[in-house]
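Hello,

Here is the structure I said I would pass on. Please look through it first; my notes follow below.

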Amino acid sequence: MKIGIIGAGHVGLVTGACFADLGHQVMMVDDDRRKVAALRAGRVPFFEPGLEELVRRGMAHGRLRVTRAIPEAVDCSTLLFVCVGTPTRPNGEADLSAVETVTRRIARSMRAYRLVVEKSTVPVQTGAWMRRTLREMVRRGVDCDVASNPEFLREGCAIQDFLHPDRIVIGAESERARRLLVDLYTPFHAPLVVTDVSSAELLKHASNSFLALKISYINAVAQVCERVGADVVKVADGMGLDRRIGRAFLDAGVGWGGSCFSKDVAAFTRIATAHRCDASLLRAAAGINRRQRPYAVARLRRLLGPLRGRTVGVLGLAFKPDTDDLRDAPALDIVPKLRAAGARVRVFDPKAMPAAKKLLGRGVTFCRNAYEAARGADAVMLLTEWNEFKELDVTRMASLMRQPVVFDGRNLYDPAAMRRAGMRYAGIGRGQMQQTAHSTQHTEKAGKKR
Ligand SMILES: NC(=O)c1ccc[n+]([C@@H]2O[C@H](COP(=O)([O-])OP(=O)(O)OC[C@H]3O[C@@H](n4cnc5c(N)ncnc54)[C@H](O)[C@@H]3O)[C@@H](O)[C@H]2O)c1
């Protein structure tokens, strides 16, 4: 098929490169001059495993092209996927200005039937607005449809997720639109959920919000675990074996980040409130998540005492492993809080260092690896669960630190193994180990008195 993709970001570029690899003719559009230049040179301007290779292959075979001009894509494509960003406005609602601009530009360029597909995450009824706008603006006699095809890929494994999704959601109003999308996606051999546009739009917000609720729920459970001396990892493992619950997204930690969860929960809250529905569950989830970040700093203070003059090594800055994406990353809140408390901060992330240098700026030492970040530190804080951090030589790390203290903000480590390596360990909701650390402190103090 002939496909246009508007917005060559994390979703659009993966979508375009995968469709091209499956044999479709794809025209990518982005209004970011530098991004287009990089792509034309075969470079992907962000880190996503396997994507650069896929983009290069698509270009080499002439199936993937890139332009800055929307009319070029509209001319040569029957399906136009809108994949632009939908960030949050200060009041919590989704900023749809990019979707609106793109919709109007498409309308002005349309000379024959086109199916415009919203892949960006948008509030319910955005599709209806797009359809009205297109029909008002297109020249007389030209037919068009709007469909919804929300995306569920995860950064870091985006290609795998795109090509092998749990389900593909198609929201369409006309038989023609439905048929085009069903034909496009049938070769994926994934369950197809074919519905109306509003249900498809809502399904995306409801899914993301539910995943966010799960994370906040386990973080709330973790608080209780911490107080009563239970281990949230064991609790989550046991809960997760129940097929009605499932283990995914039950990892306690410093909370969710990234470009989607906070904005989608906020947008869904706005929609629910606007329709006078109960959004208290969503608000509670967002509140719990927000408080995990100051909590992480407070927890470190409990371990070290006042942070002024202390050195803290931070491992991991990206909002999740296998990406360099820093959008709404907990580290962007936690590192400035450590600095404000008077700590010296040494940071390392396997992929996000260039972007972090721009955002975290002065007063932070950017290190070449995890050991360098730990050197001379009074504590190490793990904020992103990169695999390479799991494989660190903990004994070596402890020997480099001024005090062997680890705050594991993602519960990545085995507390017993940490203790054996000589570390004082605190995770999130790992009450037993924290009691041990606490009692170690008591023993130390008692020893000094003696
Ligand atoms: N990132 C994810 O993991 C993910 C997953 C599922 C859904 N989504 C949703 O997909 C949408 C896109 O997210 P993303 O992470 O790919 O965003 P992104 O910021 O990485 O990419 C958006 C792209 O659109 C381009 N753009 C903006 N306005 C434009 C215009 N007028 N004309 C042409 N190009 C324009 C930008 O330059 C950018 O390259 C969002 O609604 C997001 O919520 C994201």
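The face of α8 turned away from its buried side carries Glu-175, Arg-179 and Asp-183, which are exposed. On the buried side of helix α8 (residues 175-185) are Ala-177, Leu-180, Leu-181 and Leu-184. These four cover an arc of only 90° around the axis, which puts them on the same side of α8. The arc is that of the directions from the helix axis to the C-beta atoms. A residue is called buried if 20 or more other C-beta atoms lie within 10 Å of its own, exposed if 12 or fewer, and partly exposed in between, with C-beta atoms placed from the backbone. The buried residues of α8 pack against β4 (79-82), β5 (114-118), β6 (144-148) and β7 (168-171). Contact here requires C-beta atoms, placed from the backbone, within 7 Å.

Some background on the numbers: residues are numbered from 1 along each chain as its sequence is written. The model is predicted, so local features need pLDDT of at least 70 and side-chain atom pairs count only at pLDDT 80 or more, while totals for chains, interfaces and linings use all residues.

The ligand is surrounded by 26 residues, and the closest are Gly-7, Gly-9, Val-11, Ser-120 and Thr-121. A residue counts as near if its C-beta atom, placed from the backbone, lies within 6 Å of the molecule. By class, the shell has 10 nonpolar, 10 polar and 6 charged residues. Nonpolar covers Ala, Val, Leu, Ile, Met, Phe, Trp, Tyr, Cys and Pro, charged covers Asp, Glu, Lys and Arg, and the others, Gly among them, are polar. Helix α5 (residues 97-109) gives the most to this shell, with 3 residues.

As for the whole protein chain, it has 19 helices and 14 strands. These are DSSP runs, numbered from the N terminus: helices are H or I of at least four residues, strands E of at least two. The radius of gyration is 24 Å, close to the 22 Å that the globule rule gives for 450 residues, so the chain is as compact as a globular protein of that length. That radius is taken over C-alpha atoms, and the rule is 2.2 Å times the number of residues to the power 0.38. Of the 450 residues, 48% count as buried.

The domain assignment, automatic or from a database, gives domain 1 (2-195), domain 2 (205-286) and domain 3 (289-449). The C-alpha centres of domain 1 and domain 3 lie 39 Å apart.

Regards

Conventions
Contact = placed C-beta atoms within 7 Å.
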